[in-house]
Amino acid sequence: MTHPSRPRSPLWLVVLSLACEEPMHPYRMQTLIKQRGKEQIANVAQRNSVYQTIVALHRAGLIAIHGVSREERRPERTAYEATEVGRQTLRAWMRHGLANVAREFPEFPAVLSLLDPTLRPPELGALLESRTVALEARLAELGKAPPELPRIFLLEEEYMAAVVRAELKWLRRVIVELRSGSLGFPSKAEMLRLAATMGGPSEEAIRRAETQLERADGETSATAAGATQKPRRRRESSKQKSAKKNTNRRRP
């Protein structure tokens, strides 16, 4: 049987480590994952995530069925334990993960690499500002570990907090540059030069983007003009209603 040289996800590491700790059934694994805050580093948003991981680890020969138990008025529960190969594999995964940098592909850098001029700097700055709010909330959550826990058990939270702080610092600098106008998209002439030398979009694609940008600016202007007129109509309507009420009160 071929065993994976790397875990397919952080959840593989977490579940296999629990099976190495002692035989346990999936429900207890899920409980411990939440109690120990491992949902911060492994995706358990789906209810069956742990079960699917157990099936995959069992198929790979890294865990085995320890036994089946049944408590009164409860369904049968299958407990799993790590095989010797599973224990060796977990140690190898951990050593590799500590010493090496994995090629990871998070969503945020991918989105940043696909920005185009239709996303105006003010809107881009507002979106990044929303991200800073979310990151600040996450940073606050990372600081809620019990103070009596030894630091060695909190290194993952310490690392994640350091990463969040670094991103917040970078985001705030970018937002300031967007608002000051020192950061923006290149001109059409610069885009054409880039297209010729660095594999940028074609002249036709740049022309289409320019048209979309003009259309978007026109729609934004129309929306803004409508927004400034609506409150005036509402105020006039409110005055008319008030006048009608006063008139009705004066009638015998």
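Is Glu21 buried, partly exposed or exposed? Glu21 has a relative accessible area of 41% and is therefore partly exposed. The points below place this residue in its setting.

1. Overall make-up. The model is a predicted one. Its chain contains 9 helices and 2 strands, and their order along the sequence is α-α-α-β-β-α-α-α-α-α-α. The chain has 252 residues, of which 22% count as buried. Its accessible surface is about 18500 Å², with 54% of that belonging to carbon and sulfur atoms. Among contacts with a separation of 6 or more, 60% are between residues 24 or more positions apart.

2. The salt bridge of Glu21. By the rule applied here, the count of salt bridges is 7. One of them joins Arg36 and Glu21, where the closest N and O atoms are 2.9 Å apart. Arg36 belongs to the loop between H2 and H3 and Glu21 to helix H1, so this pair ties together parts that are 15 residues apart in sequence. Arg36, with a relative accessible area of 37%, is partly exposed.

3. Because Lys38 lies in the loop between H2 and H3 and Glu156 in helix H7, the pair ties together parts that are 118 residues apart in sequence. Lys38 counts as partly exposed at 26% relative accessibility. Glu156 is partly exposed as well, its relative accessible area being 25%.

4. Helix H6. This helix spans residues 121-142 and has 22 residues. From its first C-alpha to its last it reaches 31 Å, close to the 32 Å expected at 1.5 Å a residue. Its buried residues are Leu124, Gly125, Leu128, Thr132, Leu135 and Leu142. These residues cover an arc of only 90° around the axis, and therefore lie on the same side of H6. They pack against helix H5 (107-112) and helix H7 (155-180).

5. Leu142. Which residues does Leu142 contact, leaving aside its neighbours within four places in sequence? They are Gln40, Glu157, Met160, Ala161 and Val164. Leu142 is located in helix H6 and counts as buried because its relative accessibility is 6%. The C-alpha atoms of Leu142 and Tyr159 are separated by 10.0 Å, and these residues are 17 residues apart along the chain.

6. Helix H3. In this helix, residues 49-59, the buried positions are Ser49, Val50, Thr53, Ile54, Ala56 and Leu57. Why do they lie on the same side of H3? They cover an arc of only 165° around the axis, and this places them there. Their cover includes helix H1 (10-21), helix H2 (26-35), strand E1 (63-69) and strand E2 (77-82). After H3 comes Gly61, which has a positive phi, near 80°.

7. Thr53. This residue of helix H3 is buried, with a relative accessible area of 6%. When residues up to four places away in sequence are not counted, Thr53 touches Leu11, Trp12 and Val15.

8. A nonpolar surface patch. Which residues form the nonpolar patch on the surface? Leu149, Ile152, Phe153 and Leu155 do so, and together they have about 400 Å² of accessible area. Ile152 is placed in the loop between H6 and H7. At 61% relative accessibility, Ile152 counts as exposed, in contrast to Leu142, which counts as buried at 6%.

Conventions: Residues are numbered from 1 along each chain as its sequence is written. This is a predicted model: local features need pLDDT of at least 70, side-chain atom pairs count only at pLDDT 80 or more; totals for chains, interfaces and linings use all residues. Side-chain values use heavy atoms; hydrogens and water are left out. Helices (H or I, at least four residues) and strands (E, at least two) are DSSP runs, numbered from the N terminus. Buried means under 20% relative accessible area, exposed over 50%, partly exposed in between (1.4 Å probe, protein chains only). Contact means heavy atoms within 4.5 Å. Accessible areas come from the Shrake-Rupley method with a 1.4 Å probe; for residues, only the protein chains shown count as cover. The expected span of a helix is 1.5 Å times one less than its number of residues. The arc is that of the directions from the helix axis to the C-beta atoms. Patches are made of residues with over 30% relative accessible area and no salt bridge: like charges are joined within 9 Å, nonpolar side chains (Val, Leu, Ile, Met, Phe, Trp, Tyr) within 5 Å. A salt bridge is a side-chain nitrogen of Lys or Arg within 4 Å of a carboxyl oxygen of Asp or Glu.
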